Amino acid sequence: MLRTSVLVFASTLVPSLCLGNAEPPVTTPPEAKQGRILIWKQEKTLLLTPDGKQISEAPSERKKYALLSPDGKSTEIPYPDNASLTDPCVAPDGKRVAFIASERPPWDRNFNYLRSTWVQQLDGKGEGTKIEITAQNFAWTPDGKLVAVEAPSSKAVDERKFTTWLVDVDTKEKTKLDLPEGAQVFAVTPDGKAFIATTYDNAEKKLYLASISRDGKKVTQLTEFHFLNVKGGTPNRPRLSPDGTKILFVDIDRDEKLPEGGRRFPRLYLYDLKTQKRERLADVPLDAFVWEFAWSPDSNRVAYVWKRMEPGVPLAASLDKDGKPKEGNVVETETHLNLADPNGKNSNTILSAKGRTGPAITLMRLDWR
């Protein structure tokens, strides 16, 4: 597995961007309201403008994270002792970034996760703050406090039990939030009054996209997920738009009529919190497998990564231990990065990359800030 580092824009004028290993771009003007797009492409990290123009490129293999400000100055962050940093999450004000700090090895003999939460100032000052919470997901509140979702041990994944803590990073004070036991928090609304989360109904065996009040007393089921992973969880993290009005997520369309021999792939959906309606994004190819998506900083556009799954192209389950198809031949396929309106209209491809076999990953780690 590649050890990746992260480059982060730090500014109160420009939303921060987690960048995997990109070198300082030539210019990053703070007035660039359309933001910048980060994407990993075949062992390199690219920084793009929304029209697809490449600003910078860097190899993926590094042993440190770097903090980059718009004026081009950067400060490197060494990994904590006996730990690696992953899953960076930048605070809304761009002043801090939270990481999952995994020990080496990342679990013990009983397959319990050996993780903690690591928070670093984006001005490069200080040695970072270690918080003893076995986190697997983060969401920042608008006031800069950190919400960490505790990861269960790998043995208990089926039980979908999570404990959510609100952490004051300055004092390390941890407050256990009174949320439903199976809730996983993915975002905090801009007004700080509610969490966007997924909740699981053990009786119904159903997963829901939900809004949960800050005190946990009001849980509103927004829409049901029909697409569950093997452990009953959501296969992708729902994304709340920066203006807090819409949620982007993937799900299965049970009513979709497939052509003969066609496969049922996850579809990209939009949930409008104002109208309380969900709609499937238009103009996404029927044979597209979508696995990553992001919002533009102004909430007016979306980006998504997809691969056209041609007939005869094997899925991951059809590969042997060496990544070769158990049946049939190796097939070259192409992965695409598209930008579109929130409803899917006016879609265009700004980047693509070819790879061998169906599940070959040539584009990933998408971010747009």
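A contact here means heavy atoms within 4.5 Å. Among contacts in the protein chain between residues at least 6 apart in sequence, 48% join residues at least 24 apart. The model is predicted. Its protein chain has 28 strands and 0 helices. Of the 369 residues in the chain, 51% are buried.

**Surface**

- The protein chain has an accessible surface of about 18,300 Å².
- Carbon and sulfur atoms account for 47% of that surface.

**The sheet S8-S9-S10-S11**

- This open sheet has 4 strands, in the order S8-S9-S10-S11.
- The pairing in the sheet is antiparallel.
- Strand S8 (83-90) and strand S11 (129-131) are the edge strands, and each pairs on one side only.
- From one strand to the next, the twist averages 30 degrees.
- S8 and strand S9 (residues 96-107) run antiparallel and are joined by 6 bridges.
- Thr 86 has Ile 100, in S9, as its bridge partner.

**The sheet S16-S17-S18-S19**

- Another open sheet holds 4 strands, ordered S16-S17-S18-S19, with antiparallel pairing.
- Strand S16 (184-188) and strand S19 (219-225) stand at the edges.
- Each of these edge strands has a single partner strand, so one side of each is left without a neighbour in the sheet.
- Neighbouring strands of this sheet are turned by 25 degrees against each other on average, direction ignored.
- Strand S18 (residues 206-213) runs antiparallel to S19, and 6 bridges join the two.
- Leu 207 stands opposite Phe 225, which belongs to S19.

**Aromatic pairs**

- The count of aromatic pairs comes to 4.
- One of them joins Phe 225 and Phe 249.
- Buried means under 20% relative accessible area. Phe 225 has 3%, so Phe 225 is buried. Phe 249 has 1% relative accessibility, so Phe 249 also counts as buried.
- Phe 265 and Phe 289 form an edge-to-face pair too, at 5.8 Å centre to centre and with 75 degrees between the planes.
- This pair links distant parts of the chain, 24 residues apart. Phe 265 is in the loop between S21 and strand S22 (267-272), while Phe 289 is in strand S24 (residues 288-295).
- Phe 265 counts as buried at 5% relative accessibility, whereas Phe 289 counts as partly exposed at 27%.

**A cluster, and charges over rings**

- Phe 225, Phe 249 and Tyr 269 make up one aromatic cluster.
- Tyr 269 also has a charged group over its ring: the charged end of Arg 278 sits 4.2 Å from the ring centre.
- Lys 174 lies over the face of Trp 165, at 5.7 Å from the ring centre.

**Phe 225 in brief**

Terms used:
Residues are numbered from 1 along each chain as its sequence is written. This is a predicted model: local features need pLDDT of at least 70, side-chain atom pairs count only at pLDDT 80 or more; totals for chains, interfaces and linings use all residues. Side-chain values use heavy atoms; hydrogens and water are left out. Two strands pair if DSSP finds at least two bridges between them. Axes are lines fitted to C-alpha atoms, for helices over the stretch in contact, and angles run from 0 to 180 degrees between N-to-C directions. Rings of Phe, Tyr and Trp (its six-membered ring) pair if their centres lie within 6.5 Å; planes under 30 degrees apart count as stacked, over 60 as edge-to-face and the rest as tilted. Buried means under 20% relative accessible area, exposed over 50%, partly exposed in between (1.4 Å probe, protein chains only). A charge sits over a ring if NZ of Lys or CZ of Arg is within 6 Å of the ring centre and within 35 degrees of the ring normal. Accessible areas come from the Shrake-Rupley method with a 1.4 Å probe; for residues, only the protein chains shown count as cover.
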